[in-house]
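Hi,

Here is the model I promised to pass on. Have a look first, and my notes follow below.

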Amino acid sequence: MTTTAVPAQARAAVTAQRDGFAGTGALVRLALRRDRIVATLWVLLFVVMAAGSASASAELFPTVESRVRAATAINDAPATLALYGRVFDPTSLGAVSLIKLGAFGAALVALVSIFMVVRHTRAEEESGRLELIGSAVVGRYATLSAALLLSVATSLALALLTALALIGSGLPAAGALAFGLAWAGAGIAFAAVGALAAQVTESARTANGIGAAVLAAAYLLRAAGDASGVDTSTWLSWLSPIGWAQQVRPFAGDRWWVLTYLLVFAVLVAVAAYALVARRDHGAGLLAQRPGPERAARRLSSPLALALRLHRGSLTGWLVGMALGGLIVGSIASQIGEIADNDQFRDMITKLGGQRGLTDAFLSAEMAIIGVIVAAYGISATLRLRAEETGGRAEPLLATGVGRLRWAASHLTVALVGSALLAAVLGLFAGFAHGAAVDDFGQIGRVLVAALVQLPAVWVLVGITVAVFGLAPGLVLAGWAALVVFLLLGQFGEILNLPAGLMDLSPFSHTPRLPGGDLTLTPLVVLTAIAAVLMVAGLAGFRRRDLSTS
Amino acid sequence: MTTAISVSGLVKTFGQTRALDGLDLTVRTGEVHGFLGPNGSGKSTTIRVLLGLLRADAGEVRLLGGDPWADATSLHRRLAYVPGDVSLWPNLSGGEVIDLLGRLRGGLNQTRRDELLERFDLDPTKKGRTYSKGNRQKVALVAALSSDVELLVLDEPTSGLDPLMESVFQECVTEERERGRTVLLSSHILAEVETLCERVSIIRLGRTVETGTLAELRHLTRTSIAAELAGPPTGLAEHPGVHDLKIDGNQARFDVDTQQLDAVLRELTRVGVRSLTSQPPTLEELFLRHYEGDLAGNGRHAAGVRS
Ligand SMILES: Nc1ncnc2c1ncn2[C@@H]1O[C@H](COP(=O)(O)OP(=O)(O)OP(=O)(O)O)[C@@H](O)[C@H]1O
Ligand SMILES: [Mg+2]
């Protein structure tokens, strides 16, 4: 009797396992339908960036000497090593021309992967749409599998197209494929990280945050590993998936075996995510909810107080990040001056950046990056308006004595003041670290001003986001699109030889390069005025339009 | 002022969809007014226009003597709204949401708040994301009912409540009515409407098809009669007010338009009545008559479907 029961049970278990994946195909098609435009645009964006850099650099570095000079400049400076990583073969055209896109591009691909997986898993579950699907014939692993399949497929498509584009611009085929696959490896590894993060928390926002934090940690580990090694990367880089993507060394040895690190990592993390899916309830996460207060605190009695409460967690996280970033930037800055034995590098960075010394040039280059990062905060805080509206949480508020302007102004205030706080904290910490290193605390003021002058450009992006929110709410992601375009104009506009008029579109191109440059007020005033006009237009539009319903 | 809400000829379109197509609605001060109609007929849209969340394309809308779009903020201090689908902030506790909404409305009655929490058996310390649908609904209900306002606008407020809570809700609305408050109650639950509402408006495809007291509406429908007569029934089949007639010897079963009841009874007594049972029309029948035939045209607004 028992002899027949055991195989029956085993068969039942196997069937249950297989049933867990039922419906995956249908979900993949649904996800493809939802993402076909956005995913295609992302892939094309990366392909164009890679191909653009490759063909521009071919003209920029025609001889081996010119390449070696550029590579040495990067390899000898801790700052560029930290930012971009090492050029593993200074004579290789591919390695030199794609250095800016190796680790940095892999991190961007990874970020898109995280967002994609969370969007199709936790975000769906949180919105309740999954419940509808979950009750149809869909196994419990199906959504996770569909999301992972989608991002693996997107990553592989990206790898293939990038490789083809690079081959098209004249680089060796093997290196091109290695480069594409290193990107794809980072994308797949962090798709798994996104999947795991989505199981741990109940909110998509937090899941995205956890994924991004893991990515930031991976990037920092590799930055530390690359910058601290002499002639090679240290073991710190080998702790980081972004480091592995770099250690594939495309065009500089093409070490295919390193790709298995990424693959094994992805499989292990994905298995953990599957294990959690099997254990948790629908809609729940692992981090349990604590009970809240029975009554509201006295000060929770205005839209602004509510907005502060809603933004509190993320703003705190950003502030801590900025403080840490400031300390790092400030302490690296003082080391820059010590690399006196490399004339090319000094030459390059002085030409690139400011006028008064290497340190100032480095700091002003860092501040420009900080400006973009703070703008990302400003946009995401502003987009909270739209999330509250479509989530049906604005409606009950606007049905009380709160007017539309007052409600919109509450989140906008957090976005504006929050971004100012972030820039100030970064400036103070960087100034302090730098001042401590060079024994001159007068630096604090200079560095602080350099951070604060980024704000008008940041506010222009906030303004663009508000304007779209008020006037064309369906296109609200245009705020992010604008940031990406401005970022690319700044990073690659010069290499790609774009007309000056086009590059002037970016508000960041008008920010004074401090410290070291001249503090000109006119562009700051003009940028602030443009930001104000955009915000007024957006708010006026919002006051006149229908409220979207959930 | 005797009318709390008056709407006439209200039109609202979303792209191609004509969600409201000349809707009329009058709610008198102090009454509980039932607002009924099939899914997608435009109830929530009407309520959102009344709250100034959507802008009317055409028509006249007055709420508590003001213009709901232009005077939104000042009017909102005098009303409380419970949406059909309540979304809460994931990190705020239910108690915090109740207090916040009350304060933004201009204050809430603490004793009443605590009493309502008790009656609805709601734990105010839970966070928004951990509430069930019914409990989210209760949070919004407690917030609305504990505010001192003139008008309650309730959009399917009991969807998701269990029968026990449904009866608590009915008690609460009855108390509100006794306090002299006006209530606009959109609902699919006919028993609830029958218990609470003095007058109802039925809408379909964005237009009002019927409005009046329940007694008036009953009058418009049919009564079922079963009678045993002294002889074979005559004259019934020809009578215009008689429907679905079934004759079995001396027995007759039929439905009669309530307005024709008197004339038909006279036909029966002419033959002689041995026994007679009559059944007044149920609300279900009343509504189904208005909802029927809607299934095909729902939301698409085929021309001339008006009943
Ligand atoms: N924002 C919108 N955009 C487009 N169409 C809409 C929008 N809001 C409502 N509609 C359409 O307007 C019509 C009326 O919708 P409404 O929500 O008012 O119906 P309802 O009577 O409340 O239905 P239910 O009983 O299901 O709650 C529907 O056809 C709906 O699809
Ligand atoms: Mg509705």
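Which elements of chain B have the lowest and the highest mean pLDDT? Helix 11 of chain B (residues 294-297) has the lowest, at 45, and strand 7 of chain B (residues 182-186) has the highest, at 97. For reference, pLDDT is the predictor's confidence in each residue, from 0 to 100, and helices (H or I, at least four residues) and strands (E, at least two) are DSSP runs numbered from the N terminus.

Some bookkeeping: residues are numbered from 1 along each chain as its sequence is written, while chains are lettered from A and ligands numbered from 1 in the order in which they are written. This is a predicted model, with local features needing pLDDT of at least 70, side-chain atom pairs counting only at pLDDT 80 or more, and totals for chains, interfaces and linings using all residues; side-chain values use heavy atoms, leaving out hydrogens and water.

On confidence, chain B has a mean pLDDT of 88, with 95% of its residues at 70 or more. Over residues 294-307 of chain B the pLDDT is below 50, yet beyond near neighbours in sequence this stretch has 21 contacts in the model (contact means heavy atoms within 4.5 Å). Where pLDDT is low, the predicted coordinates should not be read in detail. For the complex, the predictor gives an ipTM of 0.84 and a pTM of 0.76.

Chain B splits into domain 1 (3-78 + 150-217) and domain 2 (222-280), by an automatic or database domain assignment. Their C-alpha centres lie 39 Å apart.

Now the interface. Chain B brings 37 residues to the contact and chain A brings 40. About 3,400 Å² is buried between them, 54% of it from carbon and sulfur atoms; buried area is the accessible area (1.4 Å probe) that two parts lose on being put together, summed over both. Leu53(B), Trp89(B) and Leu104(B) supply 20% of what chain B buries against chain A, more than any other three residues.

The rule finds four salt bridges between chain B and chain A (a side-chain nitrogen of Lys or Arg within 4 Å of a carboxyl oxygen of Asp or Glu). Asp546(A) and Lys12(B) meet in a salt bridge through their side chains, at 2.6 Å, N to O. Among the elements giving two or more residues to the side of chain B that touches chain A are strand 1 (3-14) and helix 3 (94-104) of chain B. Helix 3 of chain B gives the largest share of that side, seven residues.

Cheers
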